[in-house]
Amino acid sequence: MRSQSKSLLITVLTAVLVAALFLLALSSYLELNLSDKARDLASWAILVFSIFAIFLTALLYYLFRRHFLRPLNEVKSWVNNIQLGQLDTRITLSDDKEMEELSVKINMIGEKLNSLYMNMDEEIELQTERIAQKNKSLQVLYDVAASINASRDLNDLLTRF
């Protein structure tokens with residue numbers, strides 16, 4: 001079932017539920033001003049409308065839970081896993097086309113985060129090696145400067161080099 005038809009179904013069921021509740025209230029009001037025979041009929045109508053309203057409420061709850069809360073909980077679980085550092089976590093929301101598109105995009109975000117994390121580790125290693133080389137160069141320069149400072153005259157300096 002496509003997302004638009006699901007939304008339409010939920011909208012129609014909600015409208016029918018509101019109508020049933022309205023008829024229930026109207027029947028209850030009319031029951032007060034009726035004869036005994038009509039009051040019995042109104043009582044049956046109230047019972048039927050009440051059962052119908054309860055059924056529609058349960059159906060709407062089921063649809064809402066299935067099509068909105070379950071995917072939302074899956075996304076919430078995915079976010080919690082990502083927060084815990086499980087960057088290879090993937091999600092599956094394949095009930096309909098829109099949810100499938102959402103899951104594909106969420107999984108792309110996960111892949112990008114994982115890629116960035118891996119690239120960050122590689123970049124840190126490269127920068128650490130670069131800094132180590134620069135430290136070696138600075139140590140050589142420091143040794144040369146210390147040697148120059150330790151020399152007392154030009155001949156001593158030339159001898160050291």
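Accessible areas here come from the Shrake-Rupley method with a 1.4 Å probe, and for residues only the protein chains shown count as cover. By that method, the protein chain has an accessible surface of about 12,500 Å², of which 64% belongs to carbon and sulfur atoms.

The model is predicted: local features need pLDDT of at least 70, side-chain atom pairs count only at pLDDT 80 or more, and totals for chains, interfaces and linings use all residues. Residues are numbered from 1 along each chain as its sequence is written, and side-chain values use heavy atoms, with hydrogens and water left out.

Start with the whole chain in cartoon view. It shows 4 helices and 0 strands, in the order α-α-α-α from the N terminus. Helices (H or I, at least four residues) and strands (E, at least two) are DSSP runs, numbered from the N terminus.

Next, select residues 97–150, which are helix α3, and find Ser103 within it. Is Ser103 buried or exposed? Ser103 is buried, with a relative accessible area of 6%; buried means under 20%, exposed over 50%, and partly exposed in between (1.4 Å probe, protein chains only).

Tyr117 is partly exposed, with a relative accessible area of 41%.
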